[in-house]
Amino acid sequence: MKSEWKIWFLRGLRDGVPIGLGYFAVAFALGIQASGAGLTAWQSTLMSVLNVTSAGEAAAIGLLGVGTTYVELAFTQLVINIRYLLMSCSLSQKIAPETSVLHRMLIGYGVTDEIFGISMGVEGKLSPAYSYGAIAVAVPGWTLGTLLGAVLGNILPLRAVSALGVALYAMFLAIILPPARKSKVIAGLIVVSMLASAGLLLLVKRFALDGFSEGFRIIVLTVTISLVAAILFPVKEEGREAARDGE
Amino acid sequence: MVNNIVLAIVVMALVTYLIRVTPLVLIRREIKNRTVRSFLYYVPYVTLSVMTFPAILSATAVLWSALAALVVAVVLSLCRCKLPVVALAACVTVFAVETLLF
């Protein structure tokens with residue numbers, strides 16, 4: 001039992017290494033954005049170790065930079081990160097039913113797009129030790145990247161900062177585009193979402209709708225488009241398979 | 001208004017953690033409602049698309065480097081390149097284009 005636990009942990013550690021490296025680069029860019037929005041290095045680091053969510057943190061940094069409320073911040077996290085709800089539902093089927101509540105609470109901390117991806121790729125039931133292994137390498141990569149980005153971001157030449165600014169968006173594209181090759185619905189959804197996002201931004205600027213903040217735009221577009229898509233194109237059961245390709 | 005950044009960070013962390021942990025602790029059966037399942041399934045694609053575009057166009061010093069990075073990231077993602085590769089290639093593209101321009 002003890003050695004089995006160790007094997008699972010090491011496997012999680014091994015599979016987590018590329019995730020940790022990818023997180024480091026992306027978090028570095030995030031740290032730069034955070035310090036640009038006025039957060040201190042220690043605040044950015046705290047945010048990363050407590051939240052571990054690229055999209056959520058990026059949105060929060062945007063909101064904090066221009067001024068926001070606690071309610072808007074909480075609601076933005078709810079909408080942007082609601083996907084973790086579905087992932088955790090799938091994950092609850094993947095772990096053994098007898099897994100203790102404490103283990104479930106610890107695994108929950110590490111539910112990210114990427115860790116979820118590798119976890120669902122494991123054969124058979126998932127051991128909590130696998131998640132701990134992945135978390136043990138992915139979270140330090142994420143946190144350290146944020147810290148160094150926040151500290152070194154101001155020292156780096158402007159051109160390097162400019163270059164790192166696209167890392168986060170490139171990562172998002174790398175998550176959403178591969179499944180679009182297999183699914184016309186997802187491909188169409190991505191195009192429609194991007195066009196709607198650009199359209200709404202133009203509208204907001206054209207008519208100076210200052211109350212329509214970035215977080216609010218994300219919420220409105222996400223709920224509306226996802227709901228329409230869910231009604232028009234309900235997913236079949238292989239939907240979860242496609243989700244796995246997002247890793 | 002947010003006047004305490006640390007409190008704001010704790011609030012968002014709490015929301016995100018509850019989203020992640022609640023299904024794991026409470027639900028042991030899969031969601032059966034097809035519309036809810038479908039909605040939750042589409043959410044990440046829509047959210048990440050909306051966040052990426054057009055924001056990526058203003059993420060760099062000039063529009064052209066961002067456009068080039070967007071094209072490179074899209075092509076590499078469609079070719080199923082690994083996530084760190086796509087991120088790095090996009091950064092290198094911006095750096096190269098801006099070096100050429102300035």
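What follows goes from confidence and overall layout to the interface, the core and a few backbone details.

Q: Where does the model come from, and what ipTM and pTM does the predictor give the complex?
A: It's a predicted model. The predictor gives the complex an ipTM of 0.85 and a pTM of 0.71.

Q: What's the average pLDDT of chain A?
A: Chain A averages 85, and 91% of its residues score at least 70.

Q: And chain B, what does it average?
A: Chain B averages a pLDDT of 88, with 97% of the residues at 70 or above. Within chain B, α3(B) has the highest confidence, with a mean of 95, and α2(B) has the lowest, at 84.

Q: Where in chain A does pLDDT stay under 50?
A: Over residues 238-247 of chain A. The model has 18 contacts beyond four places in sequence for that stretch. Where pLDDT is low, the predicted coordinates should not be read in detail.

Q: OK, layout. How many helices and strands in chain A?
A: Chain A has 13 helices and 0 strands.

Q: And in chain B?
A: There, 4 helices and again 0 strands, so along the sequence chain B reads α-α-α-α.

Q: What about chain B's radius of gyration?
A: Chain B has 19 Å, but a compact globule of 102 residues would be near 13 Å. The box for the C-alpha atoms of chain B is roughly 55 × 40 × 20 Å, taken along the principal axes.

Q: How much of chain B is buried?
A: Buried residues make up 51% of the 102 residues in chain B. For chain A, 51% of the 247 residues count as buried.

Q: In chain A, what share of the contacts with a separation of 6 or more comes from residues 24 or more positions apart?
A: In chain A that share is 81%. In chain B, residues 24 or more positions apart account for 41% of the contacts with a separation of 6 or more.

Q: Which residues touch the most other members of the largest nonpolar core?
A: That core has 110 residues, and the ones touching the most other members are V166(A), A167(A), A170(A), M171(A), V86(B), A87(B) and A90(B). The element that gives the most to this core is α10(A), with 12 residues.

Q: What is V86(B) in contact with, leaving aside neighbours within four places in sequence?
A: From chain A, V86(B) is in contact with A170(A), M171(A), L173(A) and A174(A). From chain B, its contacts are A73(B), L76(B), S77(B) and C81(B).

Q: Back to α10(A): where's the kink?
A: At I176(A), shortly before the proline P178(A), and it's about 25 degrees.

Q: Is α10(A) largely enclosed or open?
A: Largely enclosed by the rest of the structure, because 14 of its 16 residues are buried.

Q: What is the phi of V52(A)?
A: It's positive, about 45 degrees, although V52(A) is not a glycine. V52(A) lies in the loop between α2 (41-51) and α3 (54-66) of chain A.

Q: Is V52(A) buried or exposed?
A: V52(A) is buried, with 25 other C-beta atoms within 10 Å.

Q: And R80(B), what's its phi?
A: Near 60 degrees, a positive value in a residue other than glycine. R80(B) is in the loop between α3 and α4 (83-101) of chain B. R80(B) counts as exposed, because it has 12 other C-beta atoms within 10 Å and the cut-off for exposed is 12 or fewer.

Technical notes:
Residues are numbered from 1 along each chain as its sequence is written. Chains are lettered from A and ligands numbered from 1 in the order in which they are written. This is a predicted model: local features need pLDDT of at least 70, side-chain atom pairs count only at pLDDT 80 or more; totals for chains, interfaces and linings use all residues. Helices (H or I, at least four residues) and strands (E, at least two) are DSSP runs, numbered from the N terminus. The radius of gyration is taken over C-alpha atoms; the globule rule is 2.2 Å times the number of residues to the power 0.38. A residue is buried if 20 or more other C-beta atoms lie within 10 Å of its own, exposed if 12 or fewer, and partly exposed in between; C-beta atoms are placed from the backbone. Two residues are in contact if their C-beta atoms, placed from the backbone, lie within 7 Å. pLDDT is the predictor's confidence in each residue, from 0 to 100. A nonpolar core is a set of buried Ala, Val, Leu, Ile, Met, Phe, Trp, Tyr and Cys residues joined through C-beta atoms within 7 Å. The bend at a residue is the angle between axes fitted to the seven residues ending there and the seven starting there.
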